[in-house]
Amino acid sequence: MQINTPFFKQRAHDALADENLQKALGNLKAGFPEKRAIAVSRMPEFEQLRDQGRDLKNHILEHLDLYLEQFERKVIENGGHVHWARTADDANRIILDICKQVDAKTVTKGKSMVTEEIGLNDFLEANGVQPVETDLGEYILQLRHDHPSHIIAPAIHLNLEDVSEAFHANHHREKSMDPAVLMQEAREVLREKFVAADVGITGANFCVAETGSTIIVTNEGNGDLTQTLPKTHVVVTSIEKVVPTLEDMTLFLRLLARSATGQEFSVYNTLSTGPRREGDQDGPENFHVVLVDNGRSEMVGSEFQDMLRCIRCSACMNHCPVYGAVGGHSYGWVYPGPMGSVLTPQMIGIEKGGMLPNASTFCGKCESVCPVKIPLPKLMRHWREDEFEKHLQPKAARYGLAGWAFLAKRPALYKPYTRMASWVMKTWAGKNGRIKKLPLAGGWTDWRDMPAPQGKTFMQAWKEQQKTGEQP
Amino acid sequence: MPNISSGPRVGLFVTCLADMFRPSVAFATVKLLEQAGCHAEVPKRQTCCGQPAFNSGDRKTTADIARQTIDAFDGYEYVVGPSGSCIGMLHYYPEVFAPSDSYYQRALDLKSRSFEITSFLFDVIGMDSLQEQLQQLQFNHKVTYHDSCSGLRQLGIKQQPRQLLQQVQGVELEEMEEAETCCGFGGTFCVKYPEISNRMVSNKTEFISNTDAHTVLGGDLGCLLNMAGKLKREGKQVEARHIVEVLAGMTDTPAIGEADYDLAQQL
Ligand code: SF4
C-alpha cells in the first residue's frame, strides 16, 4: 500500500471539505461511542477488567518468546505449520509459496489488517493469484480499488450510492439502492467465490499458546466460510497476538467487543486448532500460521513496547476528535487514529510518519477509552522527542521554540518580553477587545478572532499593587 | 491591604496566558485564596510551566524549566494556579527526571502540593468553609461549563467547579452536549493544524449555542481564548469567562474578547 502519510495535511484539508465523508464520520461518532458507553455502564467491573487486560498483556510481552515457542509447538503437534516472517516481504513470499504448493488460482480472505500492512493483495495479484475479500466492507473496497479507513468499519467513509455503483459496475446486475438487495447480491456473488477458492486466508485476533489455536472474531460469518471451505487455511497474524491460555483469551474478548462495538460479545468467535482430523465434519486439510514481525520485536523493550498491547478494537479512533474530523484516509497508511499515530512512524519511519504524532491535542480521550490502557499521548510525545533529537521538525517551529526557551529560562528577560507582547497585541486590537488579523498568527486568525490582552501583565500589575498597597 | 492571613502560604502559579492576556484571572485566584484563609504569594522567578517544550519533544529545555519552577516554589505549602493544563504540567515533572536526579524527589513533592484552583478550593479547603462567601455572590445567568482535557482526565476535575458554581445565587447550569470533548486548542496544535483545530472549535461553539447559556465557563484560558475567538468570529452572543471570575465576584470586567478593558484604570 502506498504511503501517503507525508500528505496528511492536504488529505485532512480535502477530508474536511468532503460532505459525504463528514456525514459518514458524524454517524460513526454518534454510533460506536454511545454503544460503548452503554455496554460499559452495564458492567461495573469494566475498569478492573482494563487493569487486568493491561497487566496480562505486559506479562505476555515480558515473556513473548516463551509463549510464541509454546504456540508454535502446539500448532505443529496439531498437524499444522508455523512460518516466521521477519519482514513484510518475507510474509508475502511465504504466503505465495503456500498458494503455489496447492496450485491456487483464487484465495478468499477474511478481514485482516496485517495483510493490509504487508500489502498482500497486490503481491498475490502480481504473482497470478487472485485474492477475494469476503468481509462486506472489504469486498466493497476491493471492487473500488480502495483501502480501509477504519479498522473495524473499513468502508465507513462510503455511502450507499458508492456501494450501489460499485456493485452495478462489477456484478452487471440491475442497479439497486436497497441495502437488503445489495446485501443479497453480495452474498450470491461471494458464495461462488467461497466454493471455488483454493486457499482461505484469515487474520487472527488472538493466538492461544496453550492449545495452538487461533481465533477470529466477526459479525458476518464470512470468516468461517473462508477458513473452513478451502482445502488450505492460512492464518496471517502478528507476533504480539499470542495469549497464554483460552481463559486469558476470554478476558480480551470481553474487553474487545465492548470497546469496539458496544456488544457484550461478537456474533462469531471462531477457533481454529490445526487441520481437519479424522472424523471431522469440515475444516481445511492444510493449516498454516504465518507469524509476522515487521518491526514489532524492535518495539519489545523499547519506549514503544506499550503499543504492542493493542488489541485493535478501534475505540481510540471512535473517540478521537481529530479522527472524527478528518477520517482514516487522511492518515495516509494502514493504521488510522491515535493507535496509527504511534504505530505508523514505527513501521514507515518517523521521517515519513512524523505528521501523525504531531496531529494531536493530547486531549487524552483515546487513553481513557483504550481497553488495555495504552498511554497513547505519551507514546506520541516520544515520537516528538525522537523528531526533536533528529532535527526533523520544520525550521520555523524549531527556531520559535528555541527563542521561547531562551526567554522562559530567564525570568528577568521573560517579564519585559511578555509586557511588550501584551502591549503590542493590546495596541493592535485598539478598542475592540479582539484582533481580526494578527501577523504571524495567521493559523489562528484565519479561523477565529484573537481576544486582546486586558492591558498590563499580571506580574506588572501585581508589582505595582504591592508597592502602592492598593487592591485591584 | 490584602489581609495577611495566618493560614497556609500558597505560591500562585500565574500561568503565561493569565499573565499576558487576562490578569483579572490571576487576581481573582488570589482573592479566592485569601478568602479561603490562605496567604497568597507570587514567586518572582516563575515563567512558564514548560509545556510548549515538553509537548514539542524538547526534553532538555523541559528539565531546565522544571528545575527553575521547582526552585521558585520551594517552601510553599501549596502551589495553586488557574489552569488544569499548567498544573497538570507540574504533575509531569517527575517524568522529566531520572529517579537518581536530585530534582526527582523534589518534583514528586511539588506534584503532591500543587493544585488547580477549583480542585484546591473544593478538595483541599472544603466546601464548608467557602459556602458562606459564595452564597453572597450573585450572577444571574444561565451558564454552561466546558471541561478542559488536562484538568478533566489528568487531574480528575469534573464536579469541583460545578459544585462551587452552584452555590452562587442566580447561576443556572445547563450542560452542553459533549462538554468533555476537546475544543481543539491543544497548545501549538491550533497553530500547527489550524484547519482541524477550527473544525473542533466549530463543533464546540455549535454545542455551546445549542444551549440557552449566556456564558460559557471553563478552567483554562487556552480553551477559553479559543472558544471566545470562535464565538466572536461567528457573531454569536455567548460570553466566555474563566470560572474564577464568577467565584470571586469579579464579573464587572468585560468578558473574554469583549470590548476594551483597561486594567490600569481599575488599579
Ligand atoms: S490503541 Fe487501545 S483503543 Fe486503540 S485500537 Fe488499540 S486497543 Fe483499541
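Me: In which order do the 4 strands of the open sheet in chain B stand?

Reply: Strands (E, at least two residues) and helices (H or I, at least four) are DSSP runs numbered from the N terminus, and two strands pair if DSSP finds at least two bridges between them. In chain B the order is E2-E1-E3-E4, with parallel pairing in an open sheet. Strand E2 (39–41) and strand E4 (114–116) of chain B each have a single partner strand, so one side of each lacks a neighbour in the sheet. From one strand to the next, the twist averages 30°. Please note that this is a predicted model, in which local features need pLDDT of at least 70 and side-chain atom pairs count only at pLDDT 80 or more, whereas totals for chains, interfaces and linings use all residues. Residues are numbered from 1 along each chain as its sequence is written, chains are lettered from A and ligands numbered from 1 in the order in which they are written, and side-chain values use heavy atoms, with hydrogens and water left out.

Me: Over how many bridges do E3(B) and E4(B) pair?

Reply: Strand E3 (residues 78–81) of chain B pairs with E4(B) over 3 bridges, in the parallel sense. Val80(B) stands opposite Phe115(B) of E4(B).

Me: Which strands does helix H6 of chain B touch?

Reply: Contact means heavy atoms within 4.5 Å; axes are lines fitted to C-alpha atoms, for helices over the stretch in contact, and angles between N-to-C directions run from 0 to 180 degrees. Helix H6 (residues 102–113) of chain B packs on the sheet and touches E3 and E4 of chain B, its direction making about 40° with that of E4(B).

Me: How is the interface between chain A and chain B described?

Reply: Contact joins 72 residues of chain A with 77 residues of chain B. Buried area is the accessible area (1.4 Å probe) that two parts lose on being put together, summed over both. Here the value is about 6600 Å², of which carbon and sulfur atoms give 60%. In chain A, Trp447(A), Gln454(A) and Phe458(A) lose the most area to chain B, together 13% of what that side buries.

Me: How many salt bridges are there between chain A and chain B?

Reply: Side chains of opposite charge can pair when their charged atoms come close. A salt bridge is a side-chain nitrogen of Lys or Arg within 4 Å of a carboxyl oxygen of Asp or Glu. The count between chain A and chain B is 4. Arg233(B) forms a salt bridge with Asp449(A), with the closest N and O atoms 2.6 Å apart.
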